[in-house]
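This report describes the structure shown below, moving from the terms used to the chain as a whole and then to selected local features.

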Amino acid sequence: MRKAFAAGLIAMCALAAQAKILRIVSYNIDCADQGSDNNITGSAHTLPTVVQGIGLHHIGPNAQPIDVMGCEELQSTTLSNFVVQLNNIYGAGKYAFDPTADPNTGGGPDGIIYNTQTIQVVSARALRTGDTVLLQSNGTYVAAHNVGGGVNGVTRAPMVYLLRPIGFGTTNDFYMYVSHARSTSDNSVGDARYAEAQEVRSDAKYNLPAGSHILYSGDWNLFNGSNENAYKCLTGQSTSDAINWADNSAIWGNSRQTQAYDPTSKTVPPTTTTWTNGVGDNATYLYGDSTGTLDSRIDIQLMNAPMFGVYNSQGGVQIAPDTSDPFDTSNFPSSKYGYAFEVFGNNGSTPRSSSVTSSFNHSLDDLNFTTPSAPTVYSDILLTGSGSTFTGSDHYPVVGDYVIVLGGAVAPVASFSGSPTNGPAPLSVTFSDTSSGSITNHFWSFGDGVTTNIASTNVAHSYTNGGSFTVTEVVSGPGGSSTNSKAAYITVLVPPTITTQPHSQTNTAGQNATFSVVATGSAPLGYQWRFNNSNIPGATNTSFSLTPAQGSNYGSYSVVVTNGQGFAVSSNALLAVLSSAAWGDDSWGQTNAIASLTNVVAIAAGAWHSMALRADGSILAWGDDVNGQCDVPAGAANSLAIAAGGYHSMAIRSDWSVVAWGNNDYGQTNVPGAPGQVIGISAGTWHSLALRRDGTVIAWGDNTFGQCNVPVGLSNVVAVAAGGNHSMALSADGTVSAWGENTNDGGMFTGQSIVPVGLSNVVAIGAGKYHSLAVRADGSLAAWGDDSQGQTDVPAGLSNVVAVAGGGAHTLALKQDGTLAAWGSDANHQIELPTLGNVIGLAAGEAHSMALVAGNVPVLQLLSPALQGSSFSVLAQSLYRKTYSLDFKSVITDVNWMALATNSGNGALKLFTDPTATAPQKFYRLRQF
């Protein structure tokens, strides 16, 4: 097998136990010549066997698989196909290719294949090309020099790769340039090669770190030996363009001007490169061309001074010595070829385009007893010329072996352990250093802001705060330093702490409500939300939402946070679910939401005050109280209905009597004696209306405009509405009556008390200050009277209306789907509707608006049932958008009920009647749906 390393190599690597050999190949595989990858994937033995043969071949200190191969003239699938074949030979996953794309438009780009077990690709990039420019130290590009005029251009972008041997540090990094100057061998493109050489050389000079190990490889198509400017540029020789490459920079400093190294120089250390192809030089073996004169089929590997290793014994990657090769000494005298570096498959005796199996060629004799054998590899490397049918490539691979050198003392390797690594606070941890190598100092960072430098191998630290902590140890010694960091290594457990409490909130019914909490403590944290101190099933997240909130959700909410160390209970957050919303003019606070606005069943709006009736019969009033209109009297408790006028308020009590309070300048709060059972009320600016159970209407207060002169014979009334100074009534037959003022505040005729001719089938009415409104059974709306603010301009397309309300100079309409429409004056934003849904009631003041939103629909109650002769009647508080059915059956045990009448709610007390209650007995029920 192989002889032992040369003594020089052993001395160089005496301190480098990790030193190893890298086999690097430069190979123009020329797939593009055939127009396919058949020379890789075809059934015949081709390029993969050549690469396998290179690995088996005994150059340098040993035989080994290729570590890096720079390739040129690729197609889009060449590298991937090559990797598949190599992994079939050497084992799955061993080889890979770098996918970095060449952005140039030229054909046959460059790339690399590498052994993933020995090489890491740290970075890869393509140089600029195609416009022959030169990078300067200031980062700018200028036109490259062209000898003789007429640069032909560079059609392929050179690639540069930063490579790192696996298991070694950054000091062993090296750069590899892979280039192919032109796709033609015509010597006239020498200028283009020179331009590319300038670009590669200047990139290395200005873009790579000082002292970098650099290998230039590829098909450079050199044709005039050491006299060609491209070659001179790469090797640092003087060139005819007067550019002095022999500067004093760290990379290129060399007074002999030979700053890249060509193994053909045969001088140790080389001082000049005399590439004259002399008879005694045997230079032709390196390039695989004819022995006469060198033409353009030349692959090269040139390395700079740090990588060559002549002046560098401090570490890195250097060409491996090979002073005695038992297989090749007859062809490659060691006195002239002192390094592991050769053209694979040609000992210099084989001209280009001739058979490599010449009897004079013994370069592959060491493969005679391997698979693939020497004859197979000879056949697969056969050269037949570019553009012709061929087995392998039209170039010979150039192979170099390089040794990874570790100079000086070996750096330590940091390692440690800690015990215990988790527990409750305070947690005392003992850290034990298990690092290897020569160590003089230990630096510890415990992750909680505390650090220390000590010489001893063990250290103790106490953690007082909870959390996860990253621990870092840095060990240093004569050979350098090493860092070991363990993320989230120490876990200190603490019980939960609530840092952000849930907040109380007031919402309108139908809106969403969300409570959230922020807590700290050892994970995992558990959450359980509670309502009025009872657990809410399934509410186990950091937040709890009610979508939407309803009246029944009124109460206190809290959360219990737990973990393995304990628990924490949040403060209570109160949720108030309001049943009404108000907007517009708030000069008297009439639109202010108050927390007690819950379980509301009816609302009313005065000129500048607001009212709400709760399901328990209590009344709330707020806003303008100059005339006491918000001072609800004790006698108004347990009320059934409410109304708000300009400056006074009204209510129907549970005994069906009426109570009024507030401004009484016109006697509007002096309820007439014995009004009878009142089931409906309405209030104007200074007058009041009441609807009796028998369908008649009474009025009192200001009668300046006849607003209290109820028309003679008016009967069967089911609803009343009071405007500013006019009154309205809706009869059971769907007709409307109106009386009172017909002018506005300027005395202009507006006709609000003149019912439009033909108005019929009305189911609901409303009155504004100087305008009137009526809803027909088909959901359409009629409006008349003052239109100075557009308050009677019903929006086009408005339909499905179930209720209306008139304000000072604006109008509200409630649609069947629970949404609102508004128009008219917007001086106080009174028609700018908030986002509301499921509205069941509405009211309008002088310049503000109100809506009742369905929260908890109150339990339906039958009020004041009465049998008068053959007629049975009952009252109930009704809601807009709800339908009511009075049903009966004659026998209590009957399963089926019979419907007497189906009516729509009107947002007030509604009378339900059975006119034929003549049977011996009837049982009644009222349904709401």
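## Terms and basis

A residue is called buried when its relative accessible area is under 20%, exposed when that area is over 50%, and partly exposed in between, using a 1.4 Å probe and protein chains only. By that rule L56, at 27% relative accessibility, counts as partly exposed.

This is a predicted model, in which local features need pLDDT of at least 70 and side-chain atom pairs count only at pLDDT 80 or more, whereas totals for chains, interfaces and linings use all residues. Residues are numbered from 1 along each chain as its sequence is written, and side-chain values use heavy atoms, with hydrogens and water left out.

## The chain as a whole

The chain contains nine helices and 60 strands, where helices (H or I, at least four residues) and strands (E, at least two) are DSSP runs numbered from the N terminus. Of its 929 residues, 53% are buried.

Contacts are defined by heavy atoms within 4.5 Å. Among the contacts in the chain with a separation of 6 or more, 60% are between residues 24 or more positions apart. The structure holds zero disulfides, a disulfide being a pair of cysteine sulfur atoms within 2.5 Å.

## Nonpolar cores

A nonpolar core is taken here as a set of buried Ala, Val, Leu, Ile, Met, Phe, Trp, Tyr and Cys residues joined through side-chain atoms within 4.5 Å. The largest such core has 54 residues, and the members that touch the most others are M69, F82, I113, L163, F344 and Y402. Another core, of 29 residues, lies apart from it and includes A641, V678, I681 and L863.

## Helix α4 and L56

Helix α4, spanning residues 47-56, is mostly covered, with nine of its 10 residues buried; these are L47, P48, T49, V50, V51, Q52, G53, I54 and G55. L56 also lies in this helix, but it is partly exposed, at 27% relative accessibility.

Leaving aside neighbours within four places in sequence, L56 is in contact with A63, D366, L367, T370, T371 and P372. For L56 and L367, which are 311 residues apart along the chain, the C-alpha atoms are separated by 7.0 Å.

## Aromatic pairs and charges over rings

Rings of Phe, Tyr and Trp (its six-membered ring) pair if their centres lie within 6.5 Å, and the planes count as stacked when under 30 degrees apart, edge-to-face when over 60, and tilted for the rest. By this rule there are 16 aromatic pairs. F416 and F431 form an edge-to-face pair, because their ring centres are 6.4 Å apart and their planes lie at 70°. This pair links distant parts of the chain, with F416 in strand β16 (residues 416-419) and F431 in strand β18 (residues 427-433), 15 residues apart. Both F416 and F431 are buried, and they belong to one aromatic cluster together with W444, F446 and Y489.

A charge is said to sit over a ring if NZ of Lys or CZ of Arg is within 6 Å of the ring centre and within 35 degrees of the ring normal. The charged end of K486 sits over the ring of F416, 4.5 Å from its centre, and the charged end of K922 sits over the ring of F888, 4.3 Å from its centre.

## Backbone details

The bond from S419 to P420 has omega near -5°, and P420 lies in the loop between β16 and β17 (422-424). The bond joining A425 and P426 has omega of about -10°, with P426 in the loop between β17 and β18.

Positive phi values are also found at residues other than glycine. A488, which is not a glycine, has a phi of about 50°; A488 is in strand β23 (residues 480-493) and is partly exposed at 46% relative accessibility. N761, likewise not a glycine, has a phi of about 55°, and its place is in the loop between β46 (736-740) and β47 (762-767).
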